[in-house]
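Thanks for coming. I have one structure to go through today, and I will keep to what can be read from the coordinates.

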Amino acid sequence: MKTIALVLFIITYVLMIVLSDKRPYVALVSAVLYVALGIMPVSRIASAIDWNVLMMLAGTMGTVFLFIESKMPNRLADLMLKKTPNVMWVAVAMSLFAGIVSAFVDNVATVLMIAPVGLAICKKLNMSPVAMLICISVSSNLQGAATLVGDTTSIMLGGYADMNFLEFLWMKGRPGIFWAVELGAACTIPVIMFLFRKNRQPVEVRELTPVEDYFPSYLLIATVALLIVASFIPNTPAMINGIICMSIFVIGLLRAAVKYRGQGLVKAALKEVDYKTLLLLGSLFVVIASLGEAGVIDQIAQLFVKLGGDNLFVMYSLIVWGSVLMSAFIDNIPYVATMLPVVTGIAAMMGCSPYVLYFGLLTGSTLGGNLTPIGASANIATIAILQKEGNRVKTSDFLKIGVPFTLTAVTVGYLFIWFVWAGV
């Protein structure tokens, strides 16, 4: 059964790369096959799907549509262009901005909020938005590991290792993983500059775009604030982030229905929710959970133990780079959930502190998703946004940015964590 599950998984990902326009349907057929073959029990389907992510995605998509209609992204684009000398520095500024937001807000929500600004900038400059939006996406994925609230995997590590928010910044008298991530982010700036080295044309803004309605901007600010606050409240419902995003979208719909009666804004907002992307993510959750049901992920964890032996540096390197490779193709949430107790056991057997291995696991699993266009939910959302705007995103387009970005950030974080934490 493990062999069948693994072969079907490989076929699924190959087809999703080759048939980029048909990814939702490929993933759906694969999920159905896992169920039909008995690998995924029917009773486990509902629990395999991360409804919190899907609700958060749907709610934020709707709110962002209202945000776009208000012309605020155009205004922010104008302000950004006024502060930057040329297109290359616009790309750098947008990437850094996305990273800063993503350190405190889920990566998918970050992309959905900031992508419209990137689109508005590219339209004003009459250039393709593909490269800029991919930079925004990979930057948001990078910074997810910086703080306790930046990504689900960070929250999982915090809970498992009993770490609080401040210990991601400074712990046991040493700089925490936050600084490894930030150093990696700083080193990606030359990468972005190189990617946009030919885009040195100056930018100019004569008049700022007037904002037609400030309320959607307040809704987005409320979304960010509530997501941050919720992350500090213990024992919240598992779907709290999704509930927040959907509730704010409903508030936006009700307000739009009252203010713009008869103008079809509510119907347009509901249509703007990208149901194909929701289908893709929902199906992928079932596919990945099927690998867990078949024991494939556990087998991968056991492989780390066999290959690493009793050499801490070799084990650390395997965990970091193995996690990068695994997270390029499988969802990092079940992977990290599986590996955390494995890493703890490895540290106990080797008689060392687990933190160097914990931080290596988090770095590799968070950043590995940037290697492929389907390695992270934020990447899938970004490609969906670009496709909706009529832009075709080839796998090669993503790899040209994702690969150098990932290798640079992971290498810097990998070295920083080893030299700071190996002796603890």
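A word on the naming of elements before I start: helices are DSSP runs of H or I with at least four residues, numbered from the N terminus. On that numbering, threonine 84 sits in the loop between α5 (72-83) and α6. Keep in mind throughout that this is a predicted model.

Let me stay with threonine 84 for a moment. Is threonine 84 buried or exposed? With a relative accessibility of 12%, threonine 84 is buried, because the cut-off for that class is under 20%. Beyond the residues up to four places away in sequence, threonine 84 touches Trp89, Val90, Ala93 and Val203.

Next, helix α6 itself, which covers residues 87-102 and includes serine 95. Serine 95 is buried, at 1% relative accessibility. If we set aside neighbours within four places in sequence, the contacts of serine 95 are Cys135, Ile136, Ser139 and Ile192.

That brings up cysteine 135, which is also buried at 1% relative accessibility.

Now the charged pairs. The count of salt bridges is three, and I will take them in turn.

One of them joins arginine 44 to glutamate 293, with 2.6 Å between the closest N and O atoms.

Another is formed by glutamate 389 and lysine 123, whose closest N and O atoms are 3.2 Å apart. This pair links distant parts of the chain, with glutamate 389 in the loop between α20 (377-388) and α21 (395-421) and lysine 123 in helix α7 (residues 107-125), 266 residues apart. Here glutamate 389 is partly exposed, at 37% relative accessibility, whereas lysine 123 is exposed, at 58%.

The remaining pair is arginine 255 with aspartate 213, at 2.3 Å between the closest N and O atoms. Arginine 255 belongs to helix α13 (residues 240-259) and aspartate 213 to the loop between α11 (189-195) and α12 (215-232), so the parts tied together are 42 residues apart in sequence. Arginine 255 is partly exposed, with a relative accessible area of 26%, but aspartate 213 is buried, at 9%.

Moving on to helix α12, we find proline 216 there. Proline 216 is buried, with 6% relative accessibility. Which residues does proline 216 contact, leaving aside neighbours within four places in sequence? They are Leu66, Phe67 and Ser70. As a spacing reference, proline 216 and lysine 400 are 184 residues apart in sequence and 35 Å apart in space, C-alpha to C-alpha.

Then the aromatic residues, where the count is 10 aromatic pairs. Tyrosine 355 and tyrosine 358 have ring centres 5.9 Å apart and planes at 80 degrees, so they make an edge-to-face pair. Both are in helix α19 (residues 355-367), three residues apart, or about one turn of the helix, and both are buried.

Tyrosine 355 also pairs with tryptophan 421; this pair is tilted, at 6.1 Å centre to centre and 50 degrees between the planes. Tryptophan 421 is in helix α21 and tyrosine 355 in helix α19, so the pair ties together parts that are 66 residues apart in sequence. Tryptophan 421 is buried, as is tyrosine 355. Elsewhere, Phe313, Tyr316, Trp321, Tyr414 and Trp418 are linked into a cluster by ring pairs.

Last, the surface. There is a nonpolar patch of about 900 Å², and its residues include Leu6, Val14, Leu15, Leu325 and Phe329. Which helix gives the patch its largest share? Helix α1 (residues 2-18) does, with eight residues. Leucine 15 is in helix α1 and is partly exposed, at 36% relative accessibility.

Note on methods
Residues numbered from 1 in each chain as written. Predicted model: local features only at pLDDT ≥ 70, side-chain atom pairs only at ≥ 80, totals over all residues. Heavy atoms only, no water. Buried < 20%, exposed > 50% of the residue type's maximum accessible area, 1.4 Å probe, protein only. Helix = DSSP H or I, 4+ residues; strand = E, 2+ residues; numbered from the N terminus. Contact = heavy atoms within 4.5 Å. Salt bridge = Lys/Arg side-chain N within 4 Å of Asp/Glu carboxyl O. Patch = residues over 30% accessible without salt bridge, like charges linked within 9 Å, V, L, I, M, F, W, Y side chains within 5 Å. Areas by Shrake-Rupley, 256 points an atom, 1.4 Å probe, with all protein chains shown as cover. Phe/Tyr/Trp six-rings, centres within 6.5 Å; stacked < 30°, edge-to-face > 60°.
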